[in-house]
Amino acid sequence: MVPNVLTIAGTDPSGGAGVQADLKTFSAHGAYGMSVITALVAQTTTGVSEVHEVPPEFITAQLVTLLDDVRVDAVKIGMLANAEVIRAVVEVLDRYAPPHIVLDPVMVAKSGDRLLAPEAVGALREELLPRVDLITPNLPEAADLLGEPELTDPAGMPAQAERLAGLGAKQVLLKGGHLDGGTSVDLLYGDGIAEFLSSERVATTNDHGTGCTLSAAIAALRPQRGDWLEAVREAKEYLTEALRASDRLDVGHGHGPVHHFHHWW
């Protein structure tokens with residue numbers, strides 16, 4: 001059966017990140033994509049100019065209307081903007097208990113524009129994190145969530161992932177893309193087991209939406225694969241190829257998008 005996968009996130013008119021990237025990624029992995037919009041973001045490859053936050057009660061209405069009708073096999077959560085939105089999502093998750101919840105803690109855009117209010121970090125950490133199955137922070141996001149300095153060496157990743165798991169997430173994918181070197185090193189941690197997952201670092205500036213794309217791929221794959229490790233490995237391979245193929249696209253003047261449909265065109 002084709003899995004139904006839901007993204008709860010903000011928009012990106014350029015199509016490289018946010019809901020637009022999530023839906024492309026779901027389709028690329030044989031999943032039927034659905035979306036609930038949390039924020040309308042005026043964004044391109046060069047930055048964010050304005051954000052219009054969707055009222056929490058309308059986010060609730062979108063979610064309840066959908067979940068009352070459609071079977072949801074996995075959920076990917078991206079930009080939530082503020083604490084009120086986080087609490088609205090938490091309330092619906094508690095009510096419907098959908099399986100395979102992946103949280104990409106979107107805090108800052110590639111351009112450096114902040115997408116999560118600083119005062120909302122506590123709500124994300126204390127109220128949402130314990131309700132998700134997998135969280136996918138990069139190193140700056142992990143440091144923000146834990147209130148500690150950003151790691152500069154992969155040797156510290158297992159201990160930091162363990163501390164993140166201590167906040168309540170069942171599985172942690174700690175992304176090491178901000179580290180130096182020719183290899184991109186991530187760490188999957190769960191049930192006391194840590195496993196490094198390495199991939200070639202692709203030399204390209206077309207890396208807009210990589211976090212959205214990776215987390216969306218994991219969410220789409222998890223209902224179709226045996227465990228989180230299998231889904232994460234395959235999602236990383238997909239993202240690496242999407243980065244390699246990104247130069248075939250000509251989108252914008254800043255950080256261009258990855259090529260979500262590189263297998264087909």
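**Helix α4 and the cores**

Tutor: In helix α4 (residues 121-128), the buried residues are V121, G122, A123, L124 and L128. Buried means under 20% relative accessible area, exposed over 50%, and partly exposed in between (1.4 Å probe, protein chains only). Helices (H or I, at least four residues) and strands (E, at least two) are DSSP runs, numbered from the N terminus. The model is predicted, with local features needing pLDDT of at least 70 and side-chain atom pairs counting only at pLDDT 80 or more, while totals for chains, interfaces and linings use all residues. Residues are numbered from 1 along each chain as its sequence is written, and side-chain values use heavy atoms, with hydrogens and water left out.

Student: What covers the buried residues of α4?

Tutor: Contact here means heavy atoms within 4.5 Å. The covering elements include β4 (74-77), α3, β5 (101-103) and α5 (139-146).

Student: Which residues touch the most other members of the largest nonpolar core?

Tutor: A nonpolar core is a set of buried Ala, Val, Leu, Ile, Met, Phe, Trp, Tyr and Cys residues joined through side-chain atoms within 4.5 Å. The largest such core has 51 residues, and the members that touch the most others are I77 and L128.

Student: Which residues does I77 touch, not counting residues up to four places away in sequence?

Tutor: With those neighbours in sequence set aside, I77 has contacts with I8, V89, L93 and I101 among them. The list also includes V102, L103, D104 and L128.

Student: Is T38 buried or exposed?

Tutor: T38 is found in strand β2 (residues 32-43). Not counting residues up to four places away in sequence, T38 touches I8, A9, G10, E53, V54, I59, M79, L80 and V85. Because its relative accessibility is 0%, T38 counts as buried.

**Pocket and cavity**

Student: What is the volume of the second largest pocket?

Tutor: On a 1 Å grid over the protein atoms alone, a cavity is a set of points where a 1.4 Å probe fits but cannot get out, and a pocket is an open set with protein on both sides within 12 Å along at least five of seven lines; lining residues have an atom within 4 Å of a point. Grid points are joined across faces, edges and corners, and a volume is the space filled by probe spheres set on the points. The second largest pocket is lined by Q171, L188, Y189, G190, D191, I193, A194, E195, D227, W228 and L229. Its volume is about 180 Å³.

Student: Which elements give two or more residues to the lining of the second largest pocket?

Tutor: The lining residues include Y189, A194 and W228. The elements that give two or more residues are β8 (183-190), β9 (193-200) and α8 (228-244).

Student: What is the volume of the second largest cavity?

Tutor: There are two cavities of 30 Å³ or more. The second largest cavity is lined by G78, M79, L80, L103, D104, P105, V106, L116 and L124. Its volume is about 30 Å³.

**Aromatic rings**

Student: Why is the pair of F261 and W264 edge-to-face?

Tutor: Rings of Phe, Tyr and Trp (its six-membered ring) pair if their centres lie within 6.5 Å; planes under 30 degrees apart count as stacked, over 60 as edge-to-face and the rest as tilted. The ring centres of F261 and W264 are 6.1 Å apart, and because their planes lie at 65°, the pair is edge-to-face.
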